[in-house]
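Subject: Structure for you to look at

Hello,

Here is the structure I said I would pass on. Please open it first, then read the notes below it.

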Amino acid sequence: MIEHISFSLPLFWSVVLAFAILVYVLLDGFDLGVGILFALDRDETHRQQMMGSIAPVWDGNETWLVLIGTTLFGAFPVVYAIFLAAFYLPVALLLVALILRGVAFEFRYKDKRHRWLWDLGFVLGSVIAAFIQGAAIGAMVAGIAVQDGRFIGGPFDWLSPFSVLCGLGLVVGYALLGAGWLVLKTEGGLRDWAYAWLPRLLAGVIGVVVLALTATLVGDFEVVRRWLAQPWLFAFPLLASAAAWGLWRGVQARRDWQPWLMASALFVTAFAMLAGSFWPWIVPYHLTVEQAAAPTSSLSFLFYGIGLVVLPVIMVYTAVVYWIFRGKVSPEAIND
């Protein structure tokens, strides 16, 4: 059977990769956002509610990051090699931040004497992980130096004023997702506190997007020419504007489900805009999906192993966990 569909395997794996990235951003985005917001509320009861809202799902959310790395390594090894060479410093920082965050999450309840230290680690891990991801996206939009299928730039090429702006933007964006999640999952004082932060965070996201768009136009990036060549892409900013309006209306009407859903819609439209801007490039302006794909035999092996077994299991596991732990979280969710 696989021989008859081998021509579509690169497309299949590019769709799987895009899907895994989007799900990771939406799921780990809100729990990183809760970690970022953790720094803004020193009330211990609120902090326990924050922890309780993400405790059942935060480690499962990061499973999608593993799937992304595995898919890149197996289906697009050239891309894996280029990205690792171009971003090995931020990738190392990202791993340290995620480890720090996970350790802090577990230890703050075991080591009360140094709880302040674990709280600091939880916040720093969340902020650094979000910033690194945003900076990497900014570096990709600006373009990375590739020649003959190899990265030829320096270790700090990913760090520029534009990538820093994108990194800060994702920190604010994840905080917006986190505030929407807290409104959805909590009640009482913390819910009111999150509602108060949502308009400020939405204004911050809009401000960063305007600055990033201005910097993109001034910097005359290649992506601008792709936007002009494909005017249908401008439908996504319009959809994003509708999502922002829907989020604002949700805050005004105090509909708990609406802010998180609309914040997620903002991320979906931004992701679709990026994907449409880059397609069919998988390494922007250097390698297409077809050029970067592994041999058919490797893609076929992945199809039967990860595509038909691992991916469905992760999807089912994720859906079941979110269904079991649906509903509001009480302050007693995590025992002090």
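Is R108 buried or exposed? In this predicted model, R108 has a relative accessible area of 0%. Anything under 20% counts as buried, so R108 is buried.

R108 also takes part in a salt bridge, its side chain meeting that of E44 at 3.3 Å, N to O. The two residues lie 64 apart in the chain: E44 belongs to helix α3, and R108 sits in the loop between α7 (88–107) and α8 (115–142). E44, at 26% relative accessible area, is partly exposed. Both residues belong to a network of salt bridges that links E44, R47, R108, R115 and D119. Side chains of opposite charge can pair when their charged atoms come close.

The count of salt bridges comes to 11. Another one joins D256 and K328, with 2.8 Å from N to O. This pair also connects distant parts of the chain, 72 residues apart, with D256 in the loop between α12 (235–253) and α13 (257–278) and K328 in the segment after α15. D256 is buried at 17% relative accessibility, while K328 is partly exposed at 36%.

The other item is the second largest pocket, with a volume of about 230 Å³. Its lining has 16 residues, and those closest to the centre are W181, K185, F325, R326 and G327. Helices α3 (44–54), α9 (161–185) and α15 (296–324) each supply at least two lining residues, and α9 gives the most, with 3. By type, the lining of this pocket divides into 10 nonpolar, 3 polar and 3 charged residues.

Regards

Conventions: Residues numbered from 1 in each chain as written. Predicted model: local features only at pLDDT ≥ 70, side-chain atom pairs only at ≥ 80, totals over all residues. Heavy atoms only, no water. 1 Å grid on protein atoms, 1.4 Å probe; cavity = no way out; pocket = protein on both sides within 12 Å on 5 of 7 lines; lining within 4 Å. Points joined across faces, edges and corners; volume = space filled by probe spheres on them. Helix = DSSP H or I, 4+ residues; strand = E, 2+ residues; numbered from the N terminus. Nonpolar A, V, L, I, M, F, W, Y, C, P; charged D, E, K, R; others polar. Salt bridge = Lys/Arg side-chain N within 4 Å of Asp/Glu carboxyl O. Buried < 20%, exposed > 50% of the residue type's maximum accessible area, 1.4 Å probe, protein only.
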